[in-house]
Amino acid sequence: MKVTPTSKAVGDLALFLIAKDMKVSDVLDMSREVSYPESVRDLLSGRMGQTPGGFPADVQKAILRGEEPLTGRAGETMPNADFDAASKAIEPLLDDPPTRQDTLSSLLYPQVFKDFADHQRKYVDTSVLPTWAFFFGLEPGEEIAVEIEKGRR
């Protein structure tokens with residue numbers, strides 16, 4: 001399943017509130033020290049773009065804890081990307097030379113890409129596994145066939 005970064009942030013906030021047994025009123029309670037997920041802070045700060053209509057100011061203030069949200073396009077404040085340098089920087093993380101997609105992914109989501117590369121190095125490419133097999137594993141004696149490469153199962 002693919003999700004957008006903004007829908008991921010909304011889900012992260014929902015799971016965070018449930019895990020911390022927090023209510024909406026707890027979010028607005030500035031006396032309570034709370035460290036919200038980075039994705040939630042990115043969304044409410046405007047680093048994921050400007051949301052039509054924005055966010056309630058009191059919620060934004062409570063979650064950002066004094067950080068001023070961006071008012072323009074987030075990319076305006078970023079330096080130009082150096083694709084060659086980024087490609088060289090991620091080369092040690094990969095078994096093969098970085099593709100343009102690898103480089104772009106690492107520039108857009110540095111920690112996610114590093115975690116992904118670590119996972120692939122440790123477990124190989126698990127994307128070929130059916131989701132249920134990846135998450136729950138196989139029962140004793142159960143077998144599945146996966147395509148490792150074109151024509152090879």
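Helices are DSSP runs of H or I of at least four residues, and strands are runs of E of at least two, numbered from the N terminus. The model is predicted, so local features need pLDDT of at least 70 and side-chain atom pairs count only at pLDDT 80 or more, while totals for chains, interfaces and linings use all residues. Residues are numbered from 1 along each chain as its sequence is written, and side-chain values use heavy atoms, with hydrogens and water left out.

**Exercise 1. Determine where glutamine 60 is found, and whether it is buried or exposed.**

Solution.
- Step 1: Glutamine 60 is found in helix H4.
- Step 2: Buried means under 20% relative accessible area, exposed means over 50%, and partly exposed lies in between (1.4 Å probe, protein chains only).
- Step 3: Because its relative accessible area is 19%, glutamine 60 is buried.
- Step 4: With neighbours within four places in sequence set aside, glutamine 60 is in contact (heavy atoms within 4.5 Å) with Leu44, Phe55 and Pro69.

**Exercise 2. Describe how helix H3 is covered, and state which helices its buried residues pack against.**

Solution.
- Step 1: Helix H3 spans residues 38-45, and six of its eight residues are buried.
- Step 2: These buried residues are Ser39, Val40, Asp42, Leu43, Leu44 and Ser45.
- Step 3: They pack against helix H1 (5-19) and helix H4 (57-64).
- Step 4: Aspartate 42, which lies in helix H3, counts as buried because its relative accessibility is 18%.
- Step 5: Not counting residues up to four places away in sequence, aspartate 42 touches Arg47 and Met48.
- Step 6: After H3 comes glycine 46, with a positive phi near 90°.

**Exercise 3. Classify the packing of helix H5 against helix H6 and list the residues that make the contact.**

Solution.
- Step 1: Helix H5 (residues 83-90) and helix H6 (residues 100-108) pack at an angle of about 95°, and their axes are 9 Å apart.
- Step 2: Axes are lines fitted to C-alpha atoms, for helices over the stretch in contact, and angles between N-to-C directions run from 0 to 180 degrees.
- Step 3: Angles under 35 degrees count as roughly parallel, over 145 as roughly antiparallel, 65 to 115 as roughly perpendicular and the rest as oblique.
- Step 4: H5 and H6 are therefore roughly perpendicular to each other.
- Step 5: H5 contributes Phe83, Ala86, Ser87 and Ile90 to the contact, and H6 contributes Arg100, Asp102, Thr103, Leu104, Ser106 and Leu107.

**Exercise 4. Give the phi of aspartate 21 and of arginine 65, and place each residue in the chain.**

Solution.
- Step 1: Most residues other than glycine have a negative phi.
- Step 2: Aspartate 21, not a glycine, has a positive phi of about 55°.
- Step 3: Aspartate 21 is placed in the loop between H1 and helix H2 (24-28), and counts as exposed because its relative accessibility is 62%.
- Step 4: Arginine 65 has a positive phi near 50°.
- Step 5: Arginine 65 is found in the loop between H4 and H5 and, with a relative accessible area of 26%, is partly exposed.

**Exercise 5. Locate valine 128 and describe its surroundings.**

Solution.
- Step 1: The loop between helix H7 (110-123) and helix H8 (131-136) holds valine 128.
- Step 2: Valine 128 counts as partly exposed because its relative accessibility is 33%.
- Step 3: Apart from neighbours within four places in sequence, valine 128 is in contact with Val146 and Glu147.
- Step 4: The C-alpha atoms of valine 128 and glycine 53, 75 residues apart along the chain, are separated by 41 Å.
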